[in-house]
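Here is a short report for a reader new to this structure. Please look through the sequence and the model first.

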Amino acid sequence: MRMELGASIKGLNLNATTPYLTPLNHIQSRNLFSNRASSYTSFRANRRPVWTASVKENIRAEVKMVPAADNSLDVELSSLTALCPLDGRYWAKVKDLAPFMSEFGLIKYRVLVEIRWLLKLSQMSQVPEVPSFSGEAESYLEDIVNQFNVNDALEVKKIERVTNHDVKAVEYFLKQRCQSHPEISKVLEFFHFACTSEDINNLAHALMLKEALDNVILPVMDKLITAICDMATANASIPMLSRTHGQPASPTTLGKEMAIFAYRLSRERKELAQVEILGKFAGAVGNYNAHLVAYPDVNWPQIAEDFVTSLGISFNPYVTQIEPHDYMARLFNTIIQFNNILVDFDRDVWGYISLGHFKQTLKAGEIGSSTMPHKVNPIDFENSEGNCGIANGDLSHLSTKLPISRWQRDLTDSTVLRNMGVGLGHSLLAYKSAIQGISKLQVNEASLTADLDQSWEVLAEPIQTVMRRYGVPEPYEKLKELTRGRTVTKENIKKFIEGLDIPIEAKTILLDLTPHTYVGAAVELAKNLDTVTNLVNGAKVVL
């Protein structure tokens, strides 16, 4: 089938409400930046996305299907035709990343870097050709950044169809936008001055990651960690049979097992927040070659450092044409480890649900199986696990490929970097699914109690340990003979204890012991979780 175009860019109704946006156009025409020079506001999605079109010679607002002679399916991008489910089925859960990790976000931050660089040049007395701008001129430039919207991005894409170069298209867009301004029009050629495209791109990518982490990823990680911390403290005293190799083992508490995951995840979250995001601004091969020919008396390395750090990014002084991406590898590897820990959590909770230790609240109208009406499946934890796997596959390639570039630069990083949002998007989806799954859990203490009541053999460990203390010969072997491969009851255990030649005080302690009380320090460990974590942005983070 073939698609007929329903509307051109010019005729597109930007007030229309539609269920889907392409990666470029998930952003509505709203201010995405604050008025402060060095900070940016997060996207505020107070209404649904406003258009469905992809950027082509004509942009449609309405899809019409027309049969093709070869019976092929020639369709425009929509929530149903998107190859990536993040842009279709799961869009509502991941759209908060779109202002930062979409192509719109990339163009937006390129515009920001180009304008900030021109403003920097205007503040340098060593570059008299770019005189200090008036307050009105600075405001004009800042407004381009602060008011950048989808229509502006579409204009950049229209220019790119001619240039076949995305960064040059941004430069030409800015020149067109400023050519009528009496001050800025005189210095148009200082847009992109002495820059290689990667000077702009690496800072744009750094800002994309920084803002996505600060505004979306870290806050959702915080919610997940907090939810697990709450599980730990609420269930600190509820005894539970442990299982090692799938077999009954020394009891623990449900809260302590949850505390382990909260602690592990909080460590990775802290590591992620501490990754230093780096940027470069050193020209075509990292040596300021063109800069020094044009203005030999300027300390360009210092100027570059001042400029990069003014954007909230740390400066990397030793680079080729590209920033080497080592920090990205570290960042993505940290997210991978966070996701690995979450998979471990997902599988454990899945198992506890299977054992009946957790019940799940029912949702009216929801169906667990198309043929088995009784099913209430742990779909949220399965979804979380699956999306962690997809995310880690993407992030693993990013972390291993990006630090490698032939000589001073090859282009293999460019196409790879366009997929950062995939790994982050599936990670975000995994975190939200786990949080949703946790919200449905109800502890089934009856199941936990029954499990312990059937497992008196776990007391073999403390009994043989006390026997060792008091010199009873072959304690391990005696308990092995009593318990291994046998059905062990409360009566069996008590009869064995009563026959031991140990002090009466020790015998009394063992006789009072049950699988429910033999939990060691588990209760205290769960309750003391707050002493080894502190609150950062509302989430518990390891000290």
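## A lysine in a helix

At 12% relative accessibility, Lys 175 counts as buried, because the cut-off for buried is under 20%. The model described here is predicted. Lys 175 belongs to helix H6, which covers residues 166–178.

What does Lys 175 touch, once residues up to four places away in sequence are not counted? The partners are Leu 188, Glu 189 and Phe 191.

## A lysine in a loop

Lys 363 counts as exposed, with a relative accessibility of 54%. The cut-off for exposed is over 50%. Lys 363 sits in a loop. That loop runs between strand S7 (358–360) and helix H12 (379–401).

Val 376 is 13 residues from Lys 363 along the chain. The C-alpha atoms of Lys 363 and Val 376 are separated by 9.6 Å.

## The chain as a whole

The protein chain has 543 residues, and 51% of them are buried. Its secondary structure consists of 20 helices and ten strands.

The protein chain exposes about 25,700 Å². Carbon and sulfur atoms supply 51% of that area.

## The largest pocket

How much volume does the largest pocket have? The value is about 510 Å³. The largest pocket is lined by 18 residues. Closest to its centre are Pro 248, Glu 457, Ala 460, Thr 483 and Arg 484.

Three elements each supply at least two residues of the lining: strand S4 (247–253), helix H16 (460–469) and helix H17 (475–483). By class, the lining of the largest pocket has six nonpolar residues, seven polar ones and five charged ones.

## Cysteines and disulfides

A disulfide is a covalent bond between the sulfur atoms of two cysteines. How many disulfides does the model have? The count comes to zero. The rule asks for a pair of cysteine sulfur atoms within 2.5 Å.

Is Cys 229 buried or exposed? Cys 229 is buried, with a relative accessible area of 1%. Cys 84 is partly exposed, and its relative accessible area is 22%.

Terms used: Residues are numbered from 1 along each chain as its sequence is written. This is a predicted model: local features need pLDDT of at least 70, side-chain atom pairs count only at pLDDT 80 or more; totals for chains, interfaces and linings use all residues. Side-chain values use heavy atoms; hydrogens and water are left out. Helices (H or I, at least four residues) and strands (E, at least two) are DSSP runs, numbered from the N terminus. Buried means under 20% relative accessible area, exposed over 50%, partly exposed in between (1.4 Å probe, protein chains only). Accessible areas come from the Shrake-Rupley method with a 1.4 Å probe; for residues, only the protein chains shown count as cover. On a 1 Å grid over the protein atoms alone, a cavity is a set of points where a 1.4 Å probe fits but cannot get out, and a pocket is an open set with protein on both sides within 12 Å along at least five of seven lines; lining residues have an atom within 4 Å of a point. Grid points are joined across faces, edges and corners, and a volume is the space filled by probe spheres set on the points. Ala, Val, Leu, Ile, Met, Phe, Trp, Tyr, Cys and Pro count as nonpolar, Asp, Glu, Lys and Arg as charged, and the others, Gly among them, as polar. Contact means heavy atoms within 4.5 Å.
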